[in-house]
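Please prepare a briefing on the predicted model shown below, with its loops, cores, domains and selected residues grouped by topic.

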Amino acid sequence: MSEIIVSGIRSTGNLHLGNYFGAIQNFLKLQEQHECYFFIADFHSLTTHPTPSDLYGNTRQVLIEYLACGLDPEKCTLYRQSDIHEIPELYLLLNMNAYLGELERCTTFKEKARKQPNNINAGLLTYPVLMAADIIIHKATKVPVGKDQEQHLEMTRNFAARFNRMYGVNYFPEPVAYNFGEQLIKIPGLDGSGKMGKSEGNAINLIDDPDTIRKKVMKAVTDTGPTEPNQPMTEPIANLFTLMKIMSSPETYQYFLDRYNDCSIRYGEMKKQLAEDIIVFTQPIREKILSLSSNQTYLKKVVQVGAEKARVSASKTLREVREIIGFKDF
Ligand code: TRP
């Protein structure tokens with residue numbers, strides 16, 4: 001059965017390899033099979049008070065990078081959250097049935113409040129309500145998000161069910177996480193442990209030029225090398241091999257694995273090869289990013305068409321919700 005899929009994209013930070021092999025590859029698959037709504041969550045980004053030029057610049061850059069990766073406006077509905085006025089309206093309506101207690105209990109809220117004690121604004125508190133509006137405005141059934149968003153999704157189900165119960169309707173579906181199961185590839189970082197992430201500063205970005213990639217890979221953490229055959233790998237080395245398995249040919253991977261196992265490996269040589277293979281992979285995307293960056297006409301068109309498509313289902317939902325609540329025509 002075809003699902004209705006909604007997912008929001010954070011509007012800050014350049015995409016890195018971890019994003020590509022995680023969320024983005026999944027979006028690319030989903031857009032082939034389902035009715036997908038992917039949007040840039042620019043309203044959400046206001047909780048941290050960006051300057052007007054940062055807000056615009058970040059949104060534009062995120063749009064460009066997703067397009068460059070292959071998100072196809074012909075196959076999915078790709079839009080900017082702030083272009084759909086029905087979203088803040090639904091958010092307002094949902095806020096009337098969202099309770100202070102449950103919002104304060106949300107772990108992401110507590111975490112943010114701890115990190116930015118001088119900016120605990122109401123938008124931060126009601127972030128999950130806005131996210132629920134994003135999702136149920138299209139009556140989504142599935143939401144492809146990571147573990148960190150599970151609680152928000154549970155709150156979305158609560159808000160949807162509460163609306164249904166309150167008005168005695170069976171209007172909003174209760175959306176669940178889209179589970180990728182085995183398919184999810186985790187890209188390790190270059191700093192020896194954990195996964196690639198922008199805040200960790202261990203990431204290779206899709207826009208990095210070849211020299212930047214070489215420098216980053218050459219700096220990757222290693223160890224002093226194996227001293228006996230078939231020695232178990234330390235985490236930094238296992239991470240390098242994981243990266244190589246994804247980025248390089250099976251022959252290359254095997255070559256370095258054999259060198260590791262017979263203790264003749266030179267990590268410098270391995271990293272050099274890995275850097276070149278990453279460059280081969282990222283350069284077409286980087287070129288696409290650069291060419292899209294100078295094609296304002298196309299970007300404008302994408303944003304316009306996306307907003308029009310998103311409004312079709314958003315305005316239908318809002319019309320029906322208003323009717324259910326009792327905002328009837330005279
Ligand atoms: N909260 C999500 C994140 O931080 C972004 C997001 C906003 C979202 N609205 C959404 C994700 C709706 C899925 C559906 O990544």
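Asn230 is found in the loop that runs between helix H10 (210-218) and helix H11 (235-247), where helices are DSSP runs of H or I with at least four residues and strands are DSSP runs of E with at least two, both numbered from the N terminus. Its phi is near 55°, a positive value in a residue other than glycine, and at 57% relative accessibility Asn230 counts as exposed, a class that begins over 50%, whereas buried means under 20% and partly exposed lies in between (1.4 Å probe, protein chains only). This is a predicted model in which local features need pLDDT of at least 70 and side-chain atom pairs count only at pLDDT 80 or more, while totals for chains, interfaces and linings use all residues. Residues are numbered from 1 along each chain as its sequence is written, and side-chain values use heavy atoms, with hydrogens and water left out.

**Other loop residues**

- His49, in the loop between helix H2 (42-45) and helix H3 (52-69), has a positive phi of about 60° although it is not a glycine, and with 53% relative accessibility His49 counts as exposed.
- Lys147 has its place in the loop between strand E4 (142-143) and helix H9 (150-167), and its relative accessibility of 76% puts Lys147 among the exposed residues.
- His34 sits in the loop between helix H1 (17-33) and strand E2, but His34 is buried, with a relative accessible area of 13%.
- His34 and Met196 are 162 residues apart in sequence, and their C-alpha atoms are 28 Å apart in space.

**Overall chain**

- The protein chain holds 14 helices and five strands, and its C-alpha atoms fill a box of roughly 80 × 45 × 45 Å, taken along the principal axes.
- Of the 330 residues in the protein chain, 47% are buried.
- Among the contacts in the protein chain with a separation of 6 or more, 78% are between residues 24 or more positions apart, a contact being heavy atoms within 4.5 Å.
- The accessible surface of the protein chain comes to about 16,800 Å², and 53% of this area belongs to carbon and sulfur atoms; the areas come from the Shrake-Rupley method with a 1.4 Å probe, and for residues only the protein chains shown count as cover.
- The protein chain has 38 positive and 39 negative charges, whose mean positions are 3 Å apart.
- In that charge count Lys and Arg are positive and Asp and Glu negative, with His and the chain ends not counted, and each charge is placed at NZ of Lys, CZ of Arg, CG of Asp or CD of Glu.

**Domains and nonpolar cores**

- The domain assignment gives domain 1 (4-185 + 296-325) and domain 2 (210-290), with bounds that come from an automatic or database assignment.
- The C-alpha centres of the two domains lie 36 Å apart, and ten residues of domain 1 are in contact with eight residues of domain 2.
- The largest nonpolar core has 55 residues, of which Phe38 and Phe241 touch the most other members; such a core is a set of buried Ala, Val, Leu, Ile, Met, Phe, Trp, Tyr and Cys residues joined through side-chain atoms within 4.5 Å.
- Helix H13 (residues 267-293) gives the most to this core, with nine residues.
- Domain 1 and domain 2 both give residues to this core, so it lies between them.
- Leaving out residues up to four places away in sequence, Phe241 touches Met233, Tyr253, Phe256, Leu257, Tyr260, Ile265 and Met270.
- A second, separate core of 40 residues includes Leu93, Tyr127, Ile137 and Ala140.

**Covered elements**

- Helix H8 (residues 127-136) is mostly covered, with ten of its ten residues buried, among them Tyr127, Leu130, Met131, Asp134 and Ile136.
- Phe39 has its place in strand E2 (residues 35-40), and at 3% relative accessibility Phe39 counts as buried.
- Apart from neighbours within four places in sequence, Phe39 is in contact with Val6, Ser7, Gly8, Ile9, Tyr79, Gln81 and Asp134.
- Phe39 and Val6 are 33 residues apart in sequence, and the distance between them is 8.1 Å, C-alpha to C-alpha.
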